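Work through the exercises below with the model open. Try each task before reading its solution.

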Amino acid sequence: MTDKFYKWLCALIASGDVHPFYCSSQWVRLSHKVLDMDKHECQLCKERGRYRRAELVHHVNHVRRAPKLALDIWYTDADGNRQRNLISVCKDCHETVCHPERLRKCSGGVPLTRERWD
């Protein structure tokens, strides 16, 4: 990532609107590469033994918290292990597994039961 692109991304984060990043040619090209790399299979469904077509690419290290990794497929974790930063996911997994806080925000209340699915 160039210094100019990084500064632009940081300015977007500061403004609270990162949508232009997801429309950038750099992101569009990279997301297509990741989808191809994962054969358009949702990696989270695949972990559970199911097949679903992936339509989105998810940042494991969210753009707002780790802008330097925004265009990196891989990263090195605290233990020195190489990990995926970008993974292909279906829409359902993106909303329910990757961003459950969005569901809580939309539901507007406390869950009806204390049941857990993990």
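Buried means under 20% relative accessible area, exposed over 50%, and partly exposed in between (1.4 Å probe, protein chains only). This is a predicted model: local features need pLDDT of at least 70, side-chain atom pairs count only at pLDDT 80 or more, and totals for chains, interfaces and linings use all residues. Residues are numbered from 1 along each chain as its sequence is written, and side-chain values use heavy atoms, with hydrogens and water left out.

**Exercise 1. Classify the ring pair of Phe5 and Trp8.**

Step 1. Take the rule. Rings of Phe, Tyr and Trp (its six-membered ring) pair if their centres lie within 6.5 Å; planes under 30 degrees apart count as stacked, over 60 as edge-to-face and the rest as tilted.

Step 2. Phe5 and Trp8 are three residues apart in helix H1, so about one helical turn separates them. Helices (H or I, at least four residues) and strands (E, at least two) are DSSP runs, numbered from the N terminus.

Step 3. Check burial. Phe5 has 8% relative accessibility, so Phe5 is buried. Trp8, at 33%, is partly exposed.

**Exercise 2. Which residues have the most contacts inside the largest nonpolar core?**

Step 1. Define the core: a set of buried Ala, Val, Leu, Ile, Met, Phe, Trp, Tyr and Cys residues joined through side-chain atoms within 4.5 Å.

Step 2. The largest one has 24 residues, and Leu9, Phe21, Trp27, Leu30, Cys42, Leu86 and Cys93 have the most contacts inside it.

Step 3. Trace the suppliers. Helix H1 (3-15), helix H3 (25-37), helix H4 (43-47) and strand E4 (86-89) each give at least two residues to this core.

**Exercise 3. Where is Lys39 found, and is Lys39 buried or exposed?**

Step 1. Lys39 lies in the loop between H3 and H4. His40 is in the loop between H3 and H4 too.

Step 2. Lys39 is exposed, at 63% relative accessibility.

Step 3. Read the backbone. Phi of Lys39 is positive, near 55°, and phi of His40 is also near 55°. Most residues other than glycine have a negative phi.
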